[in-house]
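Hi there,

Here's the structure I promised to pass along.

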Amino acid sequence: MTDGADTGAPAGRAASATVTVAGLATSRGFAAGPAFVYSKDSVLSVPEYAIPDSAVDAEIARYRAARAETRRQVEELVAKFKSDTDGLASDVLSNHLLLVDDPTADAAVERRISVEHLNAEAAIRHTADDFRAIFAKMRDPYLRERQRDVEDVENRLLRVLLDRGESAFDRISKPVVVVADDLTPSETVTLPRDLILGFATNRGSTTSHVALLARALGIPAVVGLGDVTSRVQPGDFLLLDGTKGAVTVNPDEQARAAFDALARRERELRAQLVENRAASGAAPAVRLCANAQPGVSLADLSAYGAQGIGLYRSEYLWLGGAADPGEEEQTAAYVEAARAAAQLGDGARVVFRALDIGGDKVQRGQHPYEANPFLGNRSIRFLLSHRDVFRTQLRAILRASAQGPSSVMFPMVATVQELREANNELRRAMDALAAEGVPFDEHIPHGVMVEVPSAALNADAFARECDFFSIGTNDLVQYTMAADRANERVSYLYQPANPAVVKLVDMAVGAARAAGIPVSVCGESASDPVLGVLWVGLGVTELSMSASYIPAVRKTLQAVSADEARDLAERVRGYGSSRSAAEIYADCRALVVSKVPQLGEMQSFLTAG
């Protein structure tokens with residue numbers, strides 16, 4: 001393996017020609033600096049040969065020794081990064097420990113050695129290939145990216161067996177833009193963060209570890225660039241535009257000046273939004289909360305102005321590992337979130353979404369094949385058919401509620417009977433903890449996600465049996481329009497402003513208002529300042545989004561009065577089905593632009609990733 005390159009161009013070599021490469025903007029911002037080109041053999045050369053019966057025990061012992069050494073290496077890295085303020089490095093590497101200890105993978109390797117008489121290296125490679133194939137078939141981009149975790153652990157095991165040592169970024173001695181084909185999780189989290197200006201990779205997605213780390217640290221990143229490593233040489237000067245998803249190699253003076261102007265404007269706009277947030281009496285009437293999940297930093301929520309955690313995606317405790325998290329592991333993660341939420345001011349709390357597994361979020365080995373998983377045994381249906389999993393999670397959430405204001409929310413509830421069953425399980429968990437003398441919030445609010453049309457149409461009945469609604473517009477749009485939101489062929493139908501979707505949101509909000517319970521929107525539409533105004537006008541009392549979106553949404557809601565938002569909503573109601581989604585959105589945007597002239601800049605600079 002060849003690790004990295006010097007950041008200065010070698011003497012006597014001409015710099016690469018000016019070129020701009022387009023990719024995916026996964027972490028907004030601008031970075032300018034020399035390229036550090038990180039190259040490696042994408043696949044280690046692995047010997048494969050048959051071993052005799054007499055060598056099986058010795059080969060298994062060799063594999064187990066390599067596994068023990070790999071575990072030691074990963075544990076050492078976990079301990080090294082345990083004090084990170086964001087905790088992401090430690091969480092990523094802890095997931096690798098779960099893979100190292102995965103009994104299914106371990107048994108598969110030893111079977112290949114003992115039954116197929118393969119050498120340890122080949123047995124590991126074939127087993128890893130099987131696991132990669134499973135993840136590659138998954139529709140959820142986040143889960144497809146878990147192939148990289150498998151590759152990371154596989155490479156560590158093989159390097160121990162082949163005595164190859166570990167890769168490192170020791171040559172980085174000054175701020176650089178890292179250019180790579182892709183980066184494994186452990187490579188990403190072990191980079192010298194204070195010297196990383198930005199990331200540019202051939203591969204990757206918005207849910208890759210590079211993207212997660214970049215967003216958590218505020219480092220600009222562009223992934224999916226295709227062949228950027230073949231276009232960049234060590235020491236080339238790069239302009240990385242994380243707002244458009246582009247990297248320019250060796251720009252001329254004019255391009256650098258224009259880039260510098262954009263970067264200055266972004267900094268000015270961010271500073272203005274921070275000042276605006278701190279201004280006396282400037283808070284909008286609705287609460288603006290952050291979406292969060294295990295493994296991603298909670299440290300910056302206050303800086304962005306989050307007033308709570310409106311959606312905690314608990315499923316990532318399952319998706320990130322090879323086995324179900326136990327009660328203690330769950331409790332530790334939930335306590336961290338509850339304590340973080342408690343620091344966000346009066347009325348702040350964390351809303352724990354119960355395990356939303358299934359559909360495009362599948363944990364290996366946990367779910368049988370379903371012809372149409374989005375309409376199958378997912379979310380609350382899975383929980384009610386796996387009561388042991390449900391009860392363990394409810395116990396962990398309740399235990400965390402003693403450490404900070406918390407709520408529990410049931411996903412994809414389609415019938416009142418499902419809600420009643422979920423409420424019964426919550427009461428049973430409370431009774432069990434009370435009998436054990438374990439403290440918890442005896443009045444913990446419990447609510448439902450309104451994300452299927454039946455829940456919106458029957459919202460009045462749901463409102464009588466829960467404490468709050470949270471409208472998940474991602475799935476509500478998908479199920480209303482019968483359009484898979486992960487399928488680019490029907491992406492034109494993913495329309496939060498479609499009249500049918502607006503009517504369903506309005507019905508749910510109306511039922512919540514009549515019952516005197518709060519209602520939030522926690523889908524991606526909450527992060528769009530234009531749609532945020534519409535939802536507030538309809539009567540939504542809270543918007544929850546990725547934390548970095550909050551300043552722009554706050555700015556918009558401060559500029560548009562409550563009366564203006566209500567008038568807009570009334571006008572949209574009056575359209576009925578006579579206007580298209582595009583026309584409704586354009587009408588809403590016209591109002592917002594009249595109040596916030598810099599809306600275009602805010603949407604470009606501050607509301608992605």
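Below is what turned up, starting with how to read it.

This is a predicted model, so to speak of local features we need pLDDT of at least 70, and side-chain atom pairs count only at pLDDT 80 or more, while totals for chains, interfaces and linings use all residues. Residues are numbered from 1 along each chain as its sequence is written, and side-chain values use heavy atoms, leaving out hydrogens and water.

The largest nonpolar core has 107 residues. (Such a core is a set of buried Ala, Val, Leu, Ile, Met, Phe, Trp, Tyr and Cys residues joined through side-chain atoms within 4.5 Å; buried means under 20% relative accessible area with a 1.4 Å probe, protein chains only.) Helix H20 (residues 499–515) gives the most to this core, with 8 residues. (Helices are DSSP runs of H or I, at least four residues, and strands are runs of E, at least two, numbered from the N terminus.) Phe-410 is among the residues with the most contacts inside the core. Beyond four places in sequence, its contacts (heavy atoms within 4.5 Å) include Ala-354, Ile-380 and His-446.

Now for Glu-542, in strand S16 (residues 542–545). Glu-542 is buried yet has no salt bridge, meaning a side-chain nitrogen of Lys or Arg within 4 Å of a carboxyl oxygen of Asp or Glu. The nearest side chain of opposite charge, Arg-287, is 4.5 Å away (Lys and Arg count as positive, Asp and Glu as negative; His and the chain ends are not counted).

Thr-127, in helix H4 (residues 120–136), counts as buried because its relative accessible area is 4%.

Cheers!

Notes. Buried means under 20% relative accessible area, exposed over 50%, partly exposed in between (1.4 Å probe, protein chains only).
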